[in-house]
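Hi,

Here is the structure I promised to pass on. Have a look at it first, and my notes follow below.

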Amino acid sequence: MSTAAQKTDLKNLTQEKLIDFALSLGQPAFRGRQILAWIYRPGIHNFDEMTDLAKEFRALLPEHACISRFTDPILETSIDGTVKFGFFLQDGNMIESVLIPEEDRNTLCVSSQVGCAMGCTFCLTGAMGFKRNLTTAEIVNQVCAVRDYMQASDKGQLTNLVFMGMGEPLANLDNLLDSISILTEQRGLDFSNRRITVSTCGLVPQMITLGEKTNVNLAISLHAVDNETRNKIMPVNSTYPIAELLEGCKRFPHKKRQRIMFEYTLLEGINNSDTAALKLVDLLRDIPCKINLLSLNQTKGSKYRSPDRNRILAFQKILRENGYTAFIRQSRGEDISAACGQLADKKQIIT
Ligand code: SAH
Ligand code: SF4
């Protein structure tokens with residue numbers, strides 16, 4: 001009999017890995033596919049509920065495997081309907097996921113790490129530092145828990161997933177790829193690739209791998225148009241400077257009509273001048289893209305300020321006049337610290 005620690009958490013396994021797991025227990029490959037279908041069915045938490053598995057196999061499974069899940073999240077609801085979920089992990093760490101209901105979609109903002117090592121100076125998760133990568137199970141369990149919450153509270157279906165929660169998803173590439181496999185597998189959570197977006201601060205080689213191995217959408221946190229400024233606010237820029245990052249975007253293998261999303265957080269006096277807007281027009285010229293302008297979500301002690309509304313509109317106007325699709329992204333859930341860059345383990349912030 002294995003101890004709990006030695007048991008395989010089946011939520012860590014893609015279909016391919018579940019097939020290997022079934023084979024390792026002397027079972028035919030199709031048992032792996034059957035297990036995948038069972039573990040992502042809402043409400044199924046035990047092996048004895050998997051009624052089409054042979055009885056002996058069902059009895060054998062608990063000795064070798066377990067099925068993790070997130071229970072009892074801390075919920076906070078914003079006046080705008082945004083819901084923040086705080087999930088406690090087995091090691092005592094906490095992560096957050098944010099549900100953003102809109103008229104035509106329900107988007108979940110998913111975390112990929114506890115903290116983040118990238119150190120962007122405007123981001124609260126960055127200020128927390130890096131604790132650890134999330135496992136594949138911990139990534140997919142955020143989606144399972146929120147799906148179940150929505151079902152239980154009659155809130156409709158989860159339609160879109162964005163890896164814009166805590167952490168840099170491409171710094172946890174293996175678990176990210178396995179989780180995307182489970183999220184998009186028909187027997188898994190059955191999301192279409194088109195409805196998943198991975199946002200990165202710009203880890204170029206990992207970005208190309210993501211494009212080669214999946215068809216998900218890519219979002220790039222650009223936030224500056226010259227290396228001097230970007231180095232100051234995003235330390236990753238000293239490893240992958242702007243030219244290299246944009247070269248990677250040009251090489252990014254994407255499907256027809258899929259455009260890269262550039263995120264640009266406007267910081268008063270730092271990156272929000274007309275000259276910066278014109279430089280952005282120039283930089284992105286050969287890349288099929290759209291641009292999201294984010295106003296800064298002020299965090300405690302932040303040395304940056306958000307520009308006023310007119311400045312943001314003027315910046316957007318320049319992009320639009322030059323043929324770009326540029327939206328100003330409405331900040332959601334600011335009152336419950338669920339907005340971009342406000343996610344951090346509270347225990348950590350207090351100390
Ligand atoms: N690590 C990834 C994804 C998580 S952050 C990335 O950086 O892309 C999600 C988005 O929120 C990124 O575009 C990030 O730059 C932005 N962001 C971080 N802190 C912010 C803040 N205080 N105000 C506005 N946007 C912020
Ligand atoms: Fe990490 Fe993204 Fe925050 Fe930068 S903006 S510190 S990459 S989570």
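A quick definition to start: I count Ala, Val, Leu, Ile, Met, Phe, Trp, Tyr, Cys and Pro as nonpolar, Asp, Glu, Lys and Arg as charged, and the others, Gly among them, as polar. On that basis, the shell around ligand 2 has five nonpolar, three polar and one charged residue. Its members, each with a heavy atom within 4 Å of the ligand, are Cys116, Met118, Gly119, Cys120, Cys123, Gly126, Gly167, Glu168 and Cys201.

Some housekeeping: this is a predicted model, with local features needing pLDDT of at least 70, side-chain atom pairs counting only at pLDDT 80 or more, and totals for chains, interfaces and linings using all residues. Residues are numbered from 1 along each chain as its sequence is written, chains are lettered from A and ligands numbered from 1 in the order in which they are written, and side-chain values use heavy atoms, with hydrogens and water left out.

On to ligand 1, which has 20 residues around it, the closest being Phe122, Ser199, Ser221, His223 and Asn297. That shell splits into eight nonpolar, 10 polar and two charged residues. An N or O atom in the Ser221 side chain sits 2.6 Å from an oxygen atom of ligand 1. As for nitrogen atoms of ligand 1, a backbone N or O atom of Gly167 is 3.0 Å from one, and a polar side-chain atom of Thr265 is 3.3 Å from one. Taken alone, ligand 1 exposes 530 Å² (Shrake-Rupley method, 1.4 Å probe), and the protein buries 96% of that.

Cheers

Note on methods: Polar contact = N/O pair within 3.5 Å; in protein donor to acceptor, adjacent residues only side chain to side chain.
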